[in-house]
Amino acid sequence: MAVVSESMGSIDSTVHPAFEQLRSHRIDTLNVTVEEYRHKKTGARHLHLAADNDENVFFVALRTFPMDSTGVAHILEHTALCGSERFPVRDPFFMMIRRSLNTFMNAFTSSDWTAYPFASMNRKDFDNLLTVYLDSVFFSSLDPLDFAQEGHRLEFDTPNDPSTDLVYRGVVYNEMKGAMSSPTSQLWQNLSSHLFPTTTYHYNSGGEPDHIVDLSYEDLLDFYKRHYHPSNATFATYGNIPAHEHHERFEELALKRFDRLDIDLPVHDEKRLFSPVRVEQGYAVSDSEETANKTHIVVGWLLGHSFDLQENLEGQLLASVLLENSASPLMRALETTDIGHAPSPMCGIEDSNREMTFVCGIEGSEPEQQAALEALIEETLAKVVQDGVSEERLEAILHQLELHQREIAGDQFPYGLQLIMSAISPMIHGGDPVELLDLEPVLKTMRERIRDPQYVPDLIRRKLLENPHRVTLTLRPDDQLEHRRQEAIRQALAERRATLTDQEVQEIIERAQALEERQTRKDDDSILPKVDLSDVPLQLPEPEGRYDGESGAFLYARGTNGLVYEQIVVPVPNLSADELVLLPYYTTLIPEVGCGDLDYLSMQDRISAESGGISVSFSAKGKIDDVHELSGYLIFNGKALSRNRAALTRLLGDVFKGARFDEHERIRELVAQIRARREQAVTGSGHGLAMGAASQGISPGAWLSFRLGGLEAIRGSKVLDKELDDSAKLTDFCDRLASLHHKIQHQNNQFLLIAEEEHLEPMLADVKAFWKESSQQNAEAWRLHQSPFQVQQAWLTSTQVNFCAKAFPTVAVDHPDAAALTVLGGFLRNGYLHRAIREKGGAYGGGAGQDSVNGTFRFFSYRDPRLSETLDDFDQSLSWLMDEEHDAQELEESILGVISQLDRPRSPAGAARHAFHNYLFGRTPEQRSRFRERVLAVTLDDMRRVASTWLAPDKASIAVITSHDNRELVQNLGLDIQEL
């Protein structure tokens with residue numbers, strides 16, 4: 001891009017002499033000033049988002065363009081964090097996680113960039129992390145043993161016994177085996193490889209397991225030298241630390257040691273196809289699985305540049321018009337067709353690459369339906385071109401863009417990092433980051449353009465119907481594919497084993513021994529900077545609300561940047577077991593069905609025009625001193641721009657009072673979608689699902705979580721989806737939902753209102769006016785009785801890796817031992833489990849933690865090549881705790897980790913929601929302060945005492961998720977087989 005150097009705001013006179021300021025631009029809707037700088041010597045760019053926010057964010061990205069699927073960029077991202085020039089210890093990244101009050105620490109490998117971000121609210125901590133990050137990125141050690149650990153290595157199955165089989169091991173190798181077990185991941189990767197036949201996007205930047213083993217250490221070094229240089233770097237920061245202070249640190253810690261380097265990377269547009277391409281490929285399922293109705297069919301188009309704001313917003317507009325909700329014509333066609341069970345999770349626009357892609361399709365189909373799906377899509381697009389799109393619908397879409405831009409997020413991910421992630425793509429690809437952040441002028445232009453009734457039809461015609469760069473991918477299940485793959489690996493390893501010389505055998509054994517020694521070595525961590533307990537604030541302030549007794553509303557004044565948030569809070573009535581199982585279907589379906597006189601299509605349009613979306617959720621927790629006594633609430637939740645506050649109150653109220661469950665075919669379609677989404681959760685959330693299964697018998701809350709959202713819920717949704725093919729059973733299901741809704745409607749509600757101060761009283765008046773005629777009363781209180789039981793289960797599914805969990809019954813949050821158990825989880829992870837399960841075992845992750853909501857302590861592993869050995873490691877960690885000497889520093893690090901989680905910042909609205917729901921479940925400020933004081937006072941003796949008290953081997957429950965190939969193994973371990 002031609003950098004804009006004229007002032008768009010005030011140019012800072014305190015610019016560091018090593019940098020030049022290119023511009024400053026105020027964006028009032030985001031409450032930030034965007035400042036852009038360039039490092040004079042190297043050409044490195046720096047985007048600073050100046051904001052009145054204590055949560056400061058750092059981010060450095062390198063353009064990385066791998067031209068194969070060996071995962072070189074991904075493995076380098078891991079290995080770069082394993083030691084550096086100034087910090088020559090084995091694992092500074094994970095060490096700093098433990099020595100820090102960070103609110104975010106991670107590293108990302110995208111398709112064409114690699115980034116290293118962190119965030120912290122503590123200035124000392126921020127400076128510490130910056131020192132380590134810059135040294136890791138620009139002066140990494142890249143030890144060959146770290147490459148062997150993090151990337152891949154060849155070892156004997158018993159490392160010191162050459163008579164055993166050769167095997168591949170490595171953290172990224174196993175991570176990608178797990179990631180590529182997901183049909184959705186395979187779908188995206190295969191589609192990309194055909195949409196992008198000649199550019200970096202053709203390849204899997206994370207790495208294909210079969211190709212990862214081809215990467216050499218020398219390849220890694222070459223890639224590092226070519227890509228990890230300031231001239232190829234983009235820095236970004238957010239928060240209240242001034243840019244010139246960042247520059248001083250950047251210069252001193254890294255940049256002064258570099259000169260400008262001309263870096264030639266393969267950055268170019270894809271060569272365009274002149275006719276559509278059709279491809280059919282297989283994905284692995286187990287040989288005991290049904291293959292009927294398991295085919296995915298998607299159609300993808302290559303569009304224009306993602307960094308061209310006009311192209312980008314037209315792509316977003318196109319996707320919203322066609323796919324935003326069930327009233328959108330293409331989404332409606334995909335939901336209602338009998339070609340497949342549900343729209344593909346791939347549906348939408350992908351704008352993170354240099355050139356955008358638009359994708360739509362279905363899952364739960366058959367290969368022979370490919371032509372029928374293409375015809376359906378083309379007919380639907382042609383009809384939209386012919387009929388046009390109403391200006392009201394287009395206004396609703398622009399309304400969503402405006403709301404999305406204004407909303408201050410940050411409950412799951414630091415808000416500043418979200419803004420940086422939005423800006424980084426145009427900076428990497430040559431666009432203008434300010435344009436993409438400051439949408440107000442563009443939205444004004446778009447509002448003028450949509451007045452032309454031919455504007456959107458022309459977009460659909462030009463970008464889709466007349467665009468020949470189109471790929472149709474059919475991904476069909478193959479129950480022999482995994483057997484062929486494993487046999488090929490076994491054969492290749494056997495051939496390699498047969499050709500090994502005695503010297504090569506010895507080298508493999510010696511490398512395994514060297515790696516073992518490196519992994520068990522105690523490094524001098526005193527060279528790393530740290531915060532300590534004296535840096536921990538005594539207590540962070542909490543939002544304070546006020547209560548209106550007349551309406552039952554709680555009001556919180558927060559800086560929400562022009563948005564209002566409203567919740568209807570309904571105590572759960574006494575429910576039967578059958579009604580309880582209906583709850584997750586009820587909460588998912590209610591915003592998706594008709595209401596009053598409006599059918600579901602009209603309701604989708606209304607929701608889009610009047611709000612930023614509505615949702616319903618169910619929340620249940622035990623008392624602070626008794627996990628067996630549950631209380632539960634249904635939360636009807638919505639948000640809107642402040643100008644739509646009255647419409648939001650009516651919308652939520654209408655849904656609560658008038659939701660209909662008589663559109664049977666609509667509900668049938670939605671249940672099929674629920675089943676599909678749940679099935680896809682296993683490969684990404686397998687550790688959580690395994691922990692839920694292991695905990696199911698420990699407390700009523702744990703049982704409820706397993707039953708309504710865990711593995712049993714996934715299995716139940718499969719059964720239900722098949723049952724509802726029977727029209728009588730579908731009618732009965734809908735009738736039961738309507739009956740449950742009637743029961744919920746007659747509860748005595750409370751309300752939560754969050755907005756800027758000037759909007760709260762008008763919101764309260766709206767609530768009082770709407771609900772003044774309501775006469776509600778609480779029914780009999782909900783009770784859930786569940787006797788404790790132990791489980792030893794193995795859940796079988798299609799996966800190349802395992803997820804292991806072990807759970808023990810413990811205590812509620814206000815029990816004196818809860819704090820020590822909470823600290824113990826981090827202590828075991830930091831001191832033993834990380835090394836045993838990830839570094840030595842090759843799993844992507846592993847750890848332990850106390851769940852005081854459900855009174856359970858859980859061990860887990862994630863994307864794990866091992867099974868019984870990991871279960872043994874869980875036990876060995878407790879022996880390590882009891883038998884080894886431990887120093888005070890390890891304890892302090894674990895305490896810091898707990899405090900960091902307690903003090904995690906939230907968005908303005910999120911902090912108010914958190915405070916209110918704490919109140920709702922009896923988590924008072926006094927109780928939370930008591931827990932914090934107990935955490936800070938935990939000793940080594942406390943941890944040993946609670947471990948011996950609560951984590952007795954005979955109290956353990958076990959659950960693993962594994963492949964059908966491991967059936968005999970888990971049976972030999974005494975685990976009950978459960979088919980998922």
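Is the crossing of H23 and H24 left-handed or right-handed? In this predicted model, the crossing of H23 and H24 is left-handed. Helix H23 spans residues 664–695 and helix H24 spans residues 700–709; their axes come within 10 Å and cross at roughly 160 degrees. An angle over 145 degrees counts as roughly antiparallel, and H23 and H24 are therefore roughly antiparallel to each other. On the H23 side the contact is made by Arg678, Leu689, Gly692, Ala693 and Ser695, which meet Ala702, Phe706, Leu708 and Gly709 of H24. Sorted by class, this contact of H23 with H24 has five nonpolar, three polar and one charged residues.

Two further helix pairs can be described in the same terms. Two packed helices are described by the angle between their axes and the distance between the axes. For helix H28 (residues 818–840) and helix H29 (residues 868–883), the angle is about 125 degrees and the axes are 10 Å apart. That angle makes H28 oblique to H29, and the crossing of H28 and H29 is right-handed. From H28, the residues Leu824, Phe827, Leu828, Gly831, Tyr832, Leu833, Ala836 and Ile837 take part; their partners in H29 are Thr870, Asp873, Phe874, Gln876, Ser877, Leu878, Trp880 and Leu881. The contact of H28 with H29 comprises 11 nonpolar, four polar and one charged residues.

The other pair is helix H1 (residues 72–80) with helix H5 (residues 171–179), whose axes cross at roughly 130 degrees and come within 10 Å. H1 and H5 are therefore oblique to each other, and the crossing of H1 and H5 is right-handed. His74, Ile75 and His78 are the H1 residues that meet Val171, Val172, Glu175 and Met176 in H5. Four of the residues in the contact of H1 with H5 are nonpolar, two are polar and one is charged.

In helix H16 (residues 440–449), Val442, Leu443 and Met446 are buried. Viewed down the axis of H16, the buried residues fall within an arc of 100 degrees, so they line one face of the helix. An α-helix has 3.6 residues a turn, so residues three or four places apart point the same way. The buried residues of H16 pack against helix H10 (309–323), helix H13 (391–406) and helix H17 (455–465).

Helix H9 (residues 243–253) has Ala243, His246, His247, Phe250, Glu251 and Leu253 buried. The cover over the buried residues of H9 includes strand E1 (19–27), strand E2 (32–39), strand E3 (45–50), strand E4 (56–63) and strand E10 (233–239), together with helix H3 (123–138).

Leu601 sits in helix H21 (residues 600–610), and at 14% relative accessibility Leu601 counts as buried. Beyond the neighbours within four places in sequence, Leu601 is in contact with Ser326, Ala327 and Arg332. Leu601 and Asn325 are 276 residues apart in sequence, while their C-alpha atoms are 8.8 Å apart in space.

Val627 belongs to strand E21 (residues 626–641). Its relative accessibility is 8%, so Val627 counts as buried. Again setting aside neighbours within four places in sequence, Val627 is in contact with Gly622, Ser699, Pro700, Val811, Ala812, Ser852, Val853, Asn854 and Gly855. Val627 and Lys722 are 95 residues apart in sequence, with a C-alpha to C-alpha distance of 35 Å.

The remaining topic is backbone geometry in loops. Most residues other than glycine have a negative phi, and most peptide bonds are trans. Which residue lies in the loop between strand E18 (553–557) and strand E19 (563–571)? Asn561 lies there, and although Asn561 is not a glycine, its phi is positive, about 60 degrees. With 9% relative accessibility, Asn561 counts as buried.

Arg863 also is not a glycine and has a positive phi, about 50 degrees. The loop that holds Arg863 runs between strand E26 (856–862) and H29. Arg863 is buried, with a relative accessible area of 10%.

Conventions
Residues are numbered from 1 along each chain as its sequence is written. This is a predicted model: local features need pLDDT of at least 70, side-chain atom pairs count only at pLDDT 80 or more; totals for chains, interfaces and linings use all residues. Side-chain values use heavy atoms; hydrogens and water are left out. Axes are lines fitted to C-alpha atoms, for helices over the stretch in contact, and angles run from 0 to 180 degrees between N-to-C directions. Helices (H or I, at least four residues) and strands (E, at least two) are DSSP runs, numbered from the N terminus. Angles under 35 degrees count as roughly parallel, over 145 as roughly antiparallel, 65 to 115 as roughly perpendicular and the rest as oblique. A crossing is left-handed if the near helix is turned anticlockwise from the far one by less than a right angle, and right-handed if clockwise. Contact means heavy atoms within 4.5 Å. Ala, Val, Leu, Ile, Met, Phe, Trp, Tyr, Cys and Pro count as nonpolar, Asp, Glu, Lys and Arg as charged, and the others, Gly among them, as polar. Buried means under 20% relative accessible area, exposed over 50%, partly exposed in between (1.4 Å probe, protein chains only). The arc is that of the directions from the helix axis to the C-beta atoms.
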